[in-house]
Amino acid sequence: EENGADNDEDEDENPLESPWAPLLAVMPELPPIIKEWVNAAPTELKIPTIAVLLEMLGTLTSYVEADYFDGFPHTTEFMSVISAPPAAGKSFIKRFDYLHSIIQNRESLIEARERLYDSFMNPKSDNRDGKEKPQLCKRFLEPKFSEVQLFTQAFENHGLHLHTACTEIDTFGRNVRGISDLLRIAWDNDKTGQQFRSTNTFKGRVALYWNVLLTGTPERIRAFFNNVQDGLITRITMTPIYNSDFAPYYPWRKIPQKTLERHFAIINRFDELTYMDPLDEPSLANCDKYKNLQEFDKNVQWRYRVRPRIKRDLSYTWMPLRKWLEQVRKESRKAADDAMYVFSKRSANKGFRAALVANELWADPQGEAGKRKVLDFGMWWAQVEHFGTNKEFGPAYNEAKRKAADAEFKQKAHFGVLFEMLPKRSIWKRLSRGRTLPAVSTTSPTCG
């Protein structure tokens with residue numbers, strides 16, 4: 001028994017090295033909010049913590065964009081996926097809910113107005129005045145949604161990012177057909193829509209700005225991303241929680257209250273850059289007391305005008321990213337690893353977007369030292385993205401591509417055999433006259 005106890009203690013004192021360890025060893029200086037939470041997180045959760053924070057902070061910094069080196073603008077669009085076995089600690093994402101508290105407060109006023117409007121639409125209501133359909137600016141989209149809800153909220157948000165957090169990936173977008181198509185369109189902020197004759201649905205086209213945070217078990221995540229060649233896996237940020245089997249509990253360090261107050265100051269700065277109208281805080285406590293829409297609209301500021309998107313200059317990141325892409329291209333060609341090459345391209349995109357978030361957290365630094373910090377963080381995150389995607393989906397992607405190549409080769413070989421079976425003299429005679437060859441049926445009994 002004593003030997004057994006000693007062995008257990010040795011195992012706990014010498015845990016398996018995290019696959020993230022090489023990247024954590026070269027981690028650069030982190031921007032505020034991200035830095036404090038990474039310092040507070042256990043080792044296996046440090047990289048997943050950054051992935052979650054980038055998605056949530058990307059929603060808060062929806063007011064900004066920057067041109068990539070290909071000339072196309074990029075926003076702070078992120079789709080973060082946390083993979084881990086059951087009871088492995090995926091619920092840590094709830095620790096960061098306070099970051100969206102100001103959005104939640106704004107939506108509380110909007111929802112109060114919406115409830116009042118719905119009560120007036122009730123046929124039994126005596127008050128039939130002021131039945132103006134509210135134009136809402138709601139940022140949160142529930143995991144169970146319809147295409148009409150998605151398009152309507154995207155239209156009414158005037159280019160601000162929607163945010164969806166789903167802790168059970170198999171329930172996300174369950175009633176929506178083509179969820180992969182919508183996510184791919186949103187990642188590029190492209191336009192989509194629908195044109196039905198019905199008057200009770202959304203009609204038109206809208207640009208999708210939609211940040212998504214998903215968690216689930218490895219089995220459920222593999223089932224959701226079952227098509228490794230449709231392009232969606234290259235767009236997501238995949239950060240599994242490794243070494244969770246038989247792992248001891250590692251507590252989080254507590255964030256001091258003064259640090260949280262600094263976080264709220266940053267969040268308020270983002271809010272001021274997003275909206276022209278400040279949050280009507282005095283009305284939060286009593287917004288449900290009003291009995292008609294006219295009184296509500298007179299006393300509560302629930303409509304929010306959105307500021308034009310700000311363009312930042314991150315051109316100093318272009319050349320380092322291009323050099324890194326060329327380095328990966330050469331390495332992947334030498335290793336004959338298609339996944340390594342394909343995944344590097346959007347990993348660079350995501351590193352650029354991470355640099356854009358860091359730029360806002362550091363309040364758009366203009367000096368060389370500040371720009372160097374932004375660049376270092378973006379370059380490092382591109383490598384994190386590349387490692388995570390390649391580790392989780394690289395073998396499956398290469399295998400799928402190999403099977404596709406084998407099928408194409410067999411098809412070409414089949415038609416090559418048919419060609420060889422034709423009379424050579426007849427073929428050359430027809431080619432010399434510029435005529436086409438006779439049609440050959442691939443189902444001919446002669447050809448097997």
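Predicted model: local features only at pLDDT ≥ 70, side-chain atom pairs only at ≥ 80, totals over all residues.

Me: What makes the pair of Tyr 98 and Phe 264 edge-to-face?

Reply: The ring centres of Tyr 98 and Phe 264 are 5.6 Å apart and the planes sit at 65 degrees, so the pair counts as edge-to-face. Tyr 98 is in the loop between strand 3 and helix 5, and Phe 264 is in helix 9, so the pair ties together parts 166 residues apart in sequence. Helices here (H or I, at least four residues) and strands (E, at least two) are DSSP runs, numbered from the N terminus. Both rings also belong to one aromatic cluster, together with Trp 37, Phe 92, Phe 96 and Trp 252.

Me: Why is Tyr 98 called buried, and what is Phe 264 called?

Reply: Buried means under 20% relative accessible area, exposed over 50%, and partly exposed in between (1.4 Å probe, protein chains only). Tyr 98 has 15%, so the residue is buried. Phe 264 has 32%, so that one is partly exposed.

Me: Which class does Tyr 249 fall into?

Reply: Tyr 249 has a relative accessibility of 66%, so the residue counts as exposed. Its place is in the loop between strand 8 and helix 9. Tyr 249 and Pro 42 are 207 residues apart in sequence, but 9.3 Å apart in space, C-alpha to C-alpha.

Me: And how do you know that Thr 389 is buried?

Reply: Its relative accessible area is 2%, so Thr 389 is buried. Thr 389 is found in helix 13 (residues 368-421). Leaving out residues up to four places away in sequence, Thr 389 touches Ile 233, Ile 236, Phe 343, Lys 350 and Gly 394, where contact means heavy atoms within 4.5 Å.

Me: Why is helix 5 called oblique to helix 9?

Reply: Helix 5 (residues 101-120) and helix 9 (residues 257-274) pack at about 50 degrees, with their axes 10 Å apart. That angle makes helix 5 oblique to helix 9, because under 35 degrees counts as roughly parallel, over 145 as roughly antiparallel, 65 to 115 as roughly perpendicular and the rest as oblique. The axes are lines fitted to C-alpha atoms, for helices over the stretch in contact, and angles run from 0 to 180 degrees between N-to-C directions.

Me: Which residues meet where helix 5 touches helix 9?

Reply: From helix 5 come Ser 101, Ile 102 and Arg 106, and from helix 9 Phe 264, Ile 267, Asn 268 and Asp 271. The residues of this contact divide into 3 nonpolar, 2 polar and 2 charged.

Me: What makes strand 4 and strand 7 a pair?

Reply: Two strands pair if DSSP finds at least two bridges between them. Strand 4 and strand 7 have 5 bridges and run in the parallel sense. Leu 162 stands opposite Trp 210 in strand 7. Strand 3 (residues 79-83) and strand 8 also pair in the parallel sense, over 2 bridges, and Ser 80 has Thr 237 of strand 8 as its bridge partner.

Me: Why do strand 4 and strand 8 count as edges?

Reply: The open sheet of 4 strands has the order 4-7-3-8, with parallel pairing. Strand 4 (162-166) and strand 8 (237-238) each have a single partner strand, so one side of each is left without a neighbour in the sheet. Even so placed, strand 4 is mostly covered, with 4 of its 5 residues buried.

Me: What about the sheet with the order 2-1-9?

Reply: That open sheet has 3 strands and mixed pairing. Strand 1 (residues 64-67) and strand 2 run antiparallel, joined by 3 bridges, and Glu 65 stands opposite Thr 75 in strand 2.

Methods:
Residues numbered from 1 in each chain as written. Heavy atoms only, no water. Nonpolar A, V, L, I, M, F, W, Y, C, P; charged D, E, K, R; others polar. Phe/Tyr/Trp six-rings, centres within 6.5 Å; stacked < 30°, edge-to-face > 60°.
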